[in-house]
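Please walk me through this structure in plain paragraphs, with the cut-offs given for each term.

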Amino acid sequence: MSSYFDSFETRSADERAAWLATALPEQIARARTLPGYAASLADVDAGSITGAEALAALPVLRKSDLGAAQQVAAPFGGFTTRAANGFAHVFQSPGPIYEPGGLEHDWWRLGRFLHACGIGQGDIVQNCFGYHLTPAGMIFESGARAVGAAVLPAGTGQTELQARAAHDVGVTAYAGTPDYLKVILEKADEMGLTLDITRAAVSGGALFPSLRQFYADRGIACLQCYATADLGNIAYESAAVEGMILDEHVVVEIVTPGTGDPVPEGEVGEVVVTSLNPDYPLIRFATGDMSAVMPGSSPCGRTNTRIKGWMGRADQTTKIKGMFVRPEQVAALVAKHPEIARARVVASREGEADAMTVRIETKAQDPSAFEASVAEVLKLKGRVELVAPGGLPRDGLVIEDTRSYD
């Protein structure tokens, strides 16, 4: 097996940028023709959007926007270049949100990840992702097909049958959530069955270091990817296990939650993804997940940008004194005052009552200058605390809840 899935993985930064300078304008031009983007991209010059820096001027598309559009124009909200009957599959995720699926080669781009796991021709993958309504099962099956592996479409549940099938069929690789493989292995032990699984490709949950070590102790190399039903593969681990390498057909930005403003490299923020899938152009799609860009490139030789993986959720909406405070409101407060660099709302308890402190990073010296804006924008009165430039943590939080609920 070749070390890399294709030559895209080892491109230089200049080669990748030159390719993107052509591919991205083409995708923006494609999106501009779709009803879903009629309002947001109508006045955009597609030819000027040649990189992530230019994307930052475009509006962010949120899952709630997608859901609302699908209520008006079912099932895909006017965001696909084909009608629903032009796709191989139509899926339903919780919400409900509907997603298309194709049988074209590696439509979700999971082959790149499975190849990095060492899965390929000669392998039989026990695919324990769901095949019912949601797309995860087909996403990983498509990836297995791309690398030439056979698939046991196991789905979820019926652990005794899963263990028996893994033994009888001679399964060599697992695909599914991180913890379910452990359940299958322990059931096989209980049944006295020997399994031949040596590789695991996991997603959809946290792969804790102790669990990865449990698999390693049993001779199973376990790697994880970051993928969604809407976007397919976003980033994936390689054998180096140092961060997650971005897929070659997405553009990822890390932005301040509640805004579309990119954060400096290395800071934590919300993951916003532009997909280059021509059938389903999602432009600046907010995942709601938090991560950060890592410096340098992977020791495995893949040269694309790396992110740190999942670092929490961006929707930090918190109820204080019976009122919801949202990241978008904090962003609006910052936008209202040019002298504010950053702001952070801290929810706490004073006695038996909620309290709100708004920490503002600024060179200004008078907290009272911001009190009226805090009350107006956040719809609550709170203590204003001024912090010198650079004084707020760069951890992606704009709303911090310090209250104990024990």
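**Pockets, cavities and local features**

By class, the lining of the largest pocket is made up of 19 nonpolar, 14 polar and 12 charged residues. In this count Ala, Val, Leu, Ile, Met, Phe, Trp, Tyr, Cys and Pro are nonpolar, Asp, Glu, Lys and Arg are charged, and the others, Gly among them, are polar. The model is a predicted one: local features need pLDDT of at least 70 and side-chain atom pairs count only at pLDDT 80 or more, while totals for chains, interfaces and linings use all residues. Residues are numbered from 1 along each chain as its sequence is written, and side-chain values use heavy atoms, with hydrogens and water left out.

The largest pocket holds about 1,200 Å³ of space. Of the 45 residues that line the largest pocket, Tyr226, Thr228, Thr287, Asp289 and Arg313 are the closest to its centre. Two or more lining residues come from each of α3, α5 (136-147), β7 (221-228), β12 and α9 (327-336). Helices (H or I, at least four residues) and strands (E, at least two) are DSSP runs, numbered from the N terminus. Because domain 1 (13-313) and domain 2 (318-401) both give residues to the lining of the largest pocket, it lies between them. The domain bounds come from an automatic or database domain assignment.

Pockets and cavities are found on a 1 Å grid over the protein atoms alone: a cavity is a set of points where a 1.4 Å probe fits but cannot get out, a pocket is an open set with protein on both sides within 12 Å along at least five of seven lines, and lining residues have an atom within 4 Å of a point. Grid points are joined across faces, edges and corners, and a volume is the space filled by probe spheres set on the points.

The second largest pocket has a volume of about 800 Å³. Its lining has 34 residues, and the closest to the centre are Ala52, Leu246, Val251, Val252 and Thr305. The elements that give two or more residues to this lining are α1 (13-32), α2 (52-55), β10 (250-255), β13 (293-294) and β14 (306-307). By class, the lining of the second largest pocket divides into 19 nonpolar, 6 polar and 9 charged residues.

How many cavities of 30 Å³ or more are there? The count comes to 2. The largest cavity has a volume of about 40 Å³, and its lining consists of Trp107, Trp108, Arg109, Asp230, Leu231, Ser275, Asn277 and Tyr280. The second largest cavity has about 30 Å³ of space. Tyr226, Val271, Asp289, Met290, Ser291, Gly309 and Trp310 line this second cavity, and strand β12 (residues 285-291) gives the most to that lining, with 3 residues.

The whole structure has 8 aromatic pairs, where rings of Phe, Tyr and Trp (its six-membered ring) pair if their centres lie within 6.5 Å, and planes under 30 degrees apart count as stacked, over 60 as edge-to-face and the rest as tilted. Phe87 and Trp107 form an edge-to-face pair, 6.2 Å centre to centre with 80 degrees between the planes. Phe87 sits in the loop between α3 and β1 and Trp107 in the loop between β2 and α4, 20 residues apart. Both Phe87 and Trp107 are buried, where buried means under 20% relative accessible area, exposed over 50% and partly exposed in between (1.4 Å probe, protein chains only). Phe129 and Phe140 form a stacked pair, 4.3 Å centre to centre with 25 degrees between the planes. Phe129 lies in the loop between β3 (124-127) and α5 and Phe140 in helix α5, so this pair ties together parts 11 residues apart in sequence.

Some backbone features remain. A cis peptide bond joins Ala74 and Pro75, with omega about -5 degrees, and another joins Gly95 and Pro96, with omega about -10 degrees. Asp106 is not a glycine, yet has a positive phi of about 50 degrees; Asp106 is buried, at 10% relative accessible area. Lys379 has a positive phi of about 65 degrees and is exposed, at 54% relative accessibility.
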